[in-house]
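Have the coordinates open while you read.

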Amino acid sequence: MKNKIWLSSPHMGGNELKYIHEAFDANWVAPLGPNVDGFEKDLEKFLNGDIKVAALSAGTAALHLALIECGVEHGDEVICQSMTFSASANPIAYQGAVPVFIDSEEDTWNMCPVALQKAIEDRISKGKKPKAIIVVHLYGMPAKMDEISSIAAKYEIPLIEDAAEALGSEYKGKACGTFGSFGILSFNGNKIITTSGGGALVCRTQEDKNKAVFLSTQARDNAPHYQHSYIGYNYRMSNITAGIGRGQMEVLNDRVEARRNMHNFYVDLFKDIEGVEVFSEPSDEYYSNHWLSAITIDPVQTGKTREDLRLTFLEENIESRPLWKPMHLQPVFSGVPYYGEKVAENLFENGLCLPSGSNLTDDDRNRIAKVITDFFSK
Ligand SMILES: *Cc1c(COP(=O)(O)O)cnc(C)c1O
């Protein structure tokens, strides 16, 4: 059997162990220390905005704290993009709140501003003004942030940006994750950079960051004994994993470049194959890190389905994956409100994510190209 080609696998830069050794040498083996501070500084510098970053145990934890800081409580409603990973929506349920799902639009596959506006109007008319909006930059593609930000501002609803997949992406030259009241990042094993597991909350003010750090370290009041006035969480990032993060930040620009090259590889490969579209930036206002390269296959034009291609890849020990199944189609969220048409549903039917890692070799690319060329020439 040929070696496995993964969709997206960890890609170390080289200095990660150096930072971990420093942590061991100084005995900073705890959820605080110089690597946590250093990683936060690195992220703030990279995002290059008027923001503060809190390093946390996961992107999901960051999203949970963002909802708490936005005042989301039991029985509230929170608007969320339907086409996304479940971790975008689950923290809404952690708070005992109800998600309201929104369809995608065709250009970016992200939240449709028209459906968003309709949903807000309708929820308000039912006496349920949404407490927050969660927009996602899927596969690294920036959402239509001008439209979405202005709708959020018009109705005075805080915007939370799920930029878990979009570190290194930009919209009109501004980093994804720095548009909303809060942004969240993920460093899980398959993301563009990884700390093995981890996340971060991007905050607008030092005060918001302080609150996130307070809540993520069990909400201890300022007293010599353990005193608590709020429910706390154990969500802070460890100084060991932050060491991996510091090493990864040294190579982040290279990783973005390599992922974008993978996208160009697919654009080139599919340029003469009718009925297949490679997911691409709608204009030069959008700069995607192309965390995952994805295609849509028109079954009528090609006579083939994305499932046929997925199984063909599998036979060659190559991983590919259908696009995220929209949340409004998930059994766990059955019956929750949904606004939109069938854009996300159709994308799910016909879309496939292809191997996109920054560590793929020429040999890997040749294997991938052969599968695709053979598959579509039959
Ligand atoms: C990975 C991911 C998350 C969750 O991040 P974790 O660090 O795995 O908790 C949230 N949203 C999206 C869109 C993701 O891809």
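**Notes on the predicted model**

1. Let me start with R123, which counts as buried because its relative accessibility is 10%, below the 20% cut-off for that class. Keep in mind that this is a predicted model. R123 sits in helix α5. Leaving out residues up to four places away in sequence, R123 touches E77, V100, K128, K129, P130, P337 and Y339.

2. Now the overall layout. The protein splits into domain 1, residues 16-250, and domain 2, residues 253-377. Their C-alpha centres are 26 Å apart. On the domain 1 side, 43 residues make contact with 37 residues of domain 2.

3. How much area is buried between domain 1 and domain 2? About 3700 Å², with carbon and sulfur atoms giving 66% of that. Within domain 1, the residues that lose the most area to domain 2 are W109, Y139 and I192, and together they make up 23% of what that side buries.

4. What holds for polar pairing across this interface? The salt-bridge rule finds 0 between domain 1 and domain 2. Polar contacts are another matter: the count between the two domains is 22 residue pairs, both partners at pLDDT 80 or more. On the domain 1 side, the elements that give two or more residues are β3 (98-102), α5 (113-125) and β6 (170-171). Of these, β3 supplies the largest share, 5 residues. By class, that side has 22 nonpolar, 10 polar and 11 charged residues.

5. Two backbone angles I'd look at. Y139 is not a glycine, yet its phi is positive, about 55 degrees. Y139 lies in the loop between β4 (132-136) and α6 (145-154), and it counts as buried because its relative accessibility is 2%. N27 also has a positive phi, about 60 degrees, without being a glycine. N27 belongs to the loop between α1 (16-25) and α2. Is N27 buried or exposed? It counts as exposed, since its relative accessibility is 63%.

6. Helix α2 (residues 34-47) contains G38. With a relative accessible area of 12%, G38 is buried.

7. On to salt bridges, of which the structure holds 17. One of them pairs R310 with E307, where the closest N and O atoms are 2.8 Å apart. Both residues lie in helix α11 (residues 306-315), 3 residues apart, or about one turn of the helix. R310 is partly exposed at a relative accessible area of 21%, and E307 is partly exposed too, at 26%.

8. Two further pairs deserve a look. R321 and E319 meet through their side chains at 3.5 Å, N to O. R321 counts as partly exposed at 30% relative accessibility, whereas E319 counts as buried at 18%. E345 bridges to K342, with the closest N and O atoms 3.2 Å apart. Here E345 is partly exposed at 22%, and K342 is partly exposed at 48%.

9. Last point: which residues are linked in a network of salt bridges? E40, K209 and R236 are.

Note on methods
Residues are numbered from 1 along each chain as its sequence is written. This is a predicted model: local features need pLDDT of at least 70, side-chain atom pairs count only at pLDDT 80 or more; totals for chains, interfaces and linings use all residues. Side-chain values use heavy atoms; hydrogens and water are left out. Domain bounds come from an automatic or database domain assignment. Contact means heavy atoms within 4.5 Å. Buried area is the accessible area (1.4 Å probe) that two parts lose on being put together, summed over both. A salt bridge is a side-chain nitrogen of Lys or Arg within 4 Å of a carboxyl oxygen of Asp or Glu. A polar contact is a pair of N or O atoms within 3.5 Å; within protein, one must be able to donate a hydrogen and the other to accept it, and residues adjacent in sequence count only if both atoms are side-chain atoms. Helices (H or I, at least four residues) and strands (E, at least two) are DSSP runs, numbered from the N terminus. Ala, Val, Leu, Ile, Met, Phe, Trp, Tyr, Cys and Pro count as nonpolar, Asp, Glu, Lys and Arg as charged, and the others, Gly among them, as polar. Buried means under 20% relative accessible area, exposed over 50%, partly exposed in between (1.4 Å probe, protein chains only).
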